[in-house]
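Hi everyone, thanks for coming along. Please take a look at the screen while I bring up today's protein, and then we'll walk through it together.

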Amino acid sequence: QSQQMQMQMQMHMQELQAAQQRMEQEKRVMEAELQKQRVQMEAEARAKQQEIEMKAQALEAELQQQRMKMEVEVRAKQSEIEMRAQQAELAAQAQVEQLRRQQVEMQASQAAQDGPAQQRLEQEKREMEVALQKQRMEMELQQQRMQMEAEARVKQQEMEMRAKAAEQAAQAQAEQLQRQQAEIQARQAAVELQAEQAARQAHQTPEPSPQQPPSAMATSPPLPVQQPAVSPPAAPPPPAPAAPSPSAPAVPGASCSGLTSLAEQFGVSAPSGSTWLAMFSAVAEQLPHAVAITDMKTPGLPVTFANSAMVALTGYPKDEIEGRNCRFLQGKKTEAAAVRAMVSAIRRSKPQTVKVTNYRKDGSSFQNVLSLLPVVDSSGEYRFNVGVLADGARLGSEGDALEKLRAAVPRSFDAALQPQRFDASLKQVGEDAQRKQWRQSMVKFTRLLWSADWEGSMRQIVMNQDALQTFGQWLAEKAPSDAMQLELIVNTMQLGAMPPEQAGPMAMQMCQQLFGQEAGSPEEAMSGLANMAEQALRSLAAESFPKFVQSKACLPLVEQLLGGAADEVRLADGLIWPQYEVAPDVAGWVHSFASVACALPACIVISDMAMPGNPMLFVNDEFCRVTGYERHEAQGRNCRFLQGPRTEPQSVAVIQDTLRRGVDCHVKITNYRKSGENFQNLLTMRPVHDSNGVYRYCIGVQFEITPNDPKLKSRLAKLDKLIQLLPKTFDVSSRAVGVNHRVEEAQAEKEQSTEQKLMGALEGSAEVYSEEKLEDGDHYADHYKDHLAHCSKVSNLKRDEQLDQMAKKLGLSPPNPGPWLAMFTQIADRLDVAIVVTDMKTPGLPVTYVNKACTKLTGYTQDDFVGRNCRFLQGRRTEGAAVRAMTTAIRKADDLTIKVTNYRKDKTEFVLVLALHPVHDTSGEYRYQIGIQCDASRWSSEQALFEKVRKALPTHFESSAQQTKYDESLTKVDTKAQRKQWADSLKKFTRLVW
């Protein structure tokens, strides 16, 4: 028995050694294959580099090189098809040979009956040959199909090659080579790890125990050696298709304890020596559950990696999943509440599990149990979001395993394992660069400011000698007929500056030259010339002057007019979303544009295209007036919050399509104000890239369309000129801070002018030019329910009769329905009389609202006013009697008009004519105090408007139209609470008595 046991042990060791040899052999085969792939990839890289250097050659030569590269890519598939064809042909030949042998045998044994047998053999032979021919034809068709696909890819790559610069192409090839090298390293690491595990298992296999009973050793046969689970060399675990960027190279020997633990819990290999994303993708690919991962630093949040289990669950191949936002799985029955929950969880970096109806590629729906798991790096940056998907129909059998997977997914990793491709340091620039960008931007945006009032800007130009000369030279070259009109304007201005005794004769002489007849008197001649000059100025302001402003010839003039005022950067922090951090490399551009756009009469917004959700960082005053939202209510949100139940899905699809392609958008869309009232909006969106090609911002221009507008044509003409002045790019002195975005403008879009696009959008003929389509389940996902809830709250709001009458008396359109104070401020914003409103229910009586006219009168900004008692305008020479009279009037809720000395922000004093007007609600509560202000030095010219506004002010409003912040019911407590408060207070106050 001892000898037998020794023999068994020797046999066992021999089998172990044989297993180790097999493992070594497989490892060598795998290494050889990897070396072969590395050589092939290096050859491909060299071929592509040569292709870039020879790009200047003829198109036919470029296509030939592309075909050569494509032949390398499909060589493996063609070899496999040829091998299969050879195997099939050999099998067919063997079968034919066997039939021949059978024929010979049958001829020898049954020579007399060979007729029918021969026929059967011939029939079977013909059938075999037909089947072989059919198989060959199928293989040929497959080869042809592959060749056609290869040619299609060649043409597509040819178009892309033309659109890219040689440097960009070289960079792309280098990145691809590094990604492939990273994949090879990941595969090699996986193979080595598998080999080590197999060897460790082989060494740790238990030996027969010498203490085992003889009977057991005699009767139990030797156990078979269990082969380690090693993937075949031809099919290693596929790495993540979206490999880490070159700036995130593999770290030799690096590993992640969280990924190692995940792999151990599910019995799969855990690779090392690569980036965190590549290692996670390698582990996820081996899991039986659907897993997808999204890079939170990529705009649009496309899927970065999806494993094979997700392909099996959804029916979509990997190339149709990766690179797209996972909302493409949604459809018409997708629950909006679930979408909102997912959006909220992703934005807040919170784990979330929801049930949501999704759709497979074949159109069938399924209940997706989706878990969202945010992943941060060691610096606290929100880097990835891992999604675990499961079919709800199989939740009973897979529930425990899914819970185990959710708990095992690592939620953090060392930042060194996945360096960010673009970090904040790339945006750092010096103050000189910021000042240069500010000045360049101010020069361009000043022209934008001129577009707000072409006629007024034209009048300022003709008053400046240098500007007049520059404009005149441009007219002489581009529009000689209009140069005569400018000459008429200049001559008339010169006559107006002369003494009457000199101007009269010259005016009559000019009339003789222009009209061909003498004027009746010098006064008549001057009047006629003035009328003609006014008409000429309006004509120039409508046509030639906007063209001059849009031309490059205007830039030196603007720079000269700005002078030293454009040298120092003036921050527009009060206009920009407080939570938004303006990057240093764009600070000059952002602050200058916000400063100019704030006062434009068109609705202007700016969105950051590099931030998830593309929030608006700036909205101007006109946007707030049209939509009814305050600036702080709109900033930080995507502009889709203006959509609602009647918003057209096709219009939303046009917006999504153009934003993805980075081209101008012109579309008519139904939007909603804060009051719940809808309005027709002709929306223009202008993508803005920096000089490195990075997609940084998007400028939105809203144009409200009102029915039967007689001025629509002229308003559209102004909009056209405004859009032409909006920037498409701006210069930065930093390196690229994001991926280069390729603008994809359709040929039909290139052939149309802005005016044609606007008219087409107005008629509702905008088209979607990309293959991306709006998914039904994505309609208003972020705001639909919230909007309906808001509409249900404000649907009972009514117009205020007194405010409507006030607007009518002042020649203004009535305000949009809303809270009373919001409706009043809509009117006050459009008045040229200074108005201040104080809430009488707020202790200290701070200013609640102040209009622009008041800021212009005093020099203080709205932020300086709001929240402070207006006594801060008083000073050393303010009359005490006037202050006492104002205090008495405010306390007694009496009307009062008084003169008082106040002080502006620059410390200059002025006499203020102030009218105080109290406003009550229908319950008799003293709610607001309205103050109308006027500079006494301008009383003679502004008295009429001052009195007109004062008499039109409302005296009361419905209590429900403006509820108080704090109701009296909040102060109600029971007797027990009062007694407790009494006892506690008495203990403290007794000491005060002592």
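Let me start with a question: which residues do ring pairs link into a cluster? They are Trp276, Phe280, Phe384 and Phe413. Rings of Phe, Tyr and Trp (its six-membered ring) pair here if their centres lie within 6.5 Å; planes under 30 degrees apart count as stacked, over 60 as edge-to-face and the rest as tilted.

Before going further, a word on what you are looking at. This is a predicted model, where local features need pLDDT of at least 70 and side-chain atom pairs count only at pLDDT 80 or more, while totals for chains, interfaces and linings use all residues. Residues are numbered from 1 along each chain as its sequence is written, and side-chain values use heavy atoms, with hydrogens and water left out.

Now the overall picture. The protein has 34 helices and 18 strands; helices (H or I, at least four residues) and strands (E, at least two) are DSSP runs, numbered from the N terminus. Of its 994 residues, 42% are buried. Buried means under 20% relative accessible area, exposed means over 50%, and partly exposed is in between, using a 1.4 Å probe and protein chains only. If we take the contacts with a separation of 6 or more, 59% of them come from residues 24 or more positions apart. Contact means heavy atoms within 4.5 Å.

Back to the rings. The count comes to 23 aromatic pairs. One of them joins Tyr860 and Phe872 edge-to-face, with 5.0 Å centre to centre and 90 degrees between the planes. Tyr860 lies in the loop between α30 (852-858) and α31 (862-865), and Phe872 in the loop between α31 and α32 (880-892), so this pair ties together parts that are twelve residues apart in sequence. Are these two residues buried or exposed? Both Tyr860 and Phe872 are buried.

Arg637 places its charged end over the ring of Phe641, 4.2 Å from the centre. Arg904 does likewise with Phe910, and there too the distance to the ring centre is 4.2 Å. A charge sits over a ring if NZ of Lys or CZ of Arg is within 6 Å of the ring centre and within 35 degrees of the ring normal.

Next, please find helix α7, residues 276-285. Ten of its ten residues are buried, so the helix is largely enclosed by the rest of the structure.

Let's turn to helix α6, residues 257-266, and helix α11, residues 395-408. Their axes come within 10 Å and cross at roughly 165 degrees. Axes are lines fitted to C-alpha atoms, for helices over the stretch in contact, and angles run from 0 to 180 degrees between N-to-C directions. The two helices are therefore roughly antiparallel to each other, the word for angles over 145 degrees. On the α6 side the contact is made by Gly258, Leu262, Gln265 and Phe266, and on the α11 side by Ala401, Lys404, Leu405 and Ala408.

Staying in α6, have a look at Ala263. Its relative accessibility is 1%, so Ala263 counts as buried. Leaving aside neighbours within four places in sequence, Ala263 is in contact with Val268, Ser269, Ala270 and Val283. The C-alpha atoms of Ala263 and Val409 are separated by 9.7 Å, although these residues are 146 residues apart along the chain.

Another helix pair is α13 (residues 454-462) with α17 (residues 522-542), whose axes come within 9 Å and cross at roughly 115 degrees. Here Trp454, Glu455, Met458 and Arg459 of α13 meet Glu534, Leu537, Arg538, Leu540 and Ala541 of α17.

Finally, a few loops. Which loop holds Asn614? Asn614 is in the one between β7 (603-608) and β8 (616-619), and at 23% relative accessibility it counts as partly exposed. Leu845, in the loop between β13 (834-839) and β14 (847-850), has a positive phi of about 50 degrees although it is not a glycine. Lys907 is not a glycine either, and its phi is positive at about 75 degrees. You'll find Lys907 in the loop between β15 (896-903) and β16 (909-921), where it counts as exposed at 66% relative accessibility.

That's my tour, and I'm happy to go back to any part of it.

Methods:
Parallel < 35°, antiparallel > 145°, perpendicular 65-115°, else oblique.
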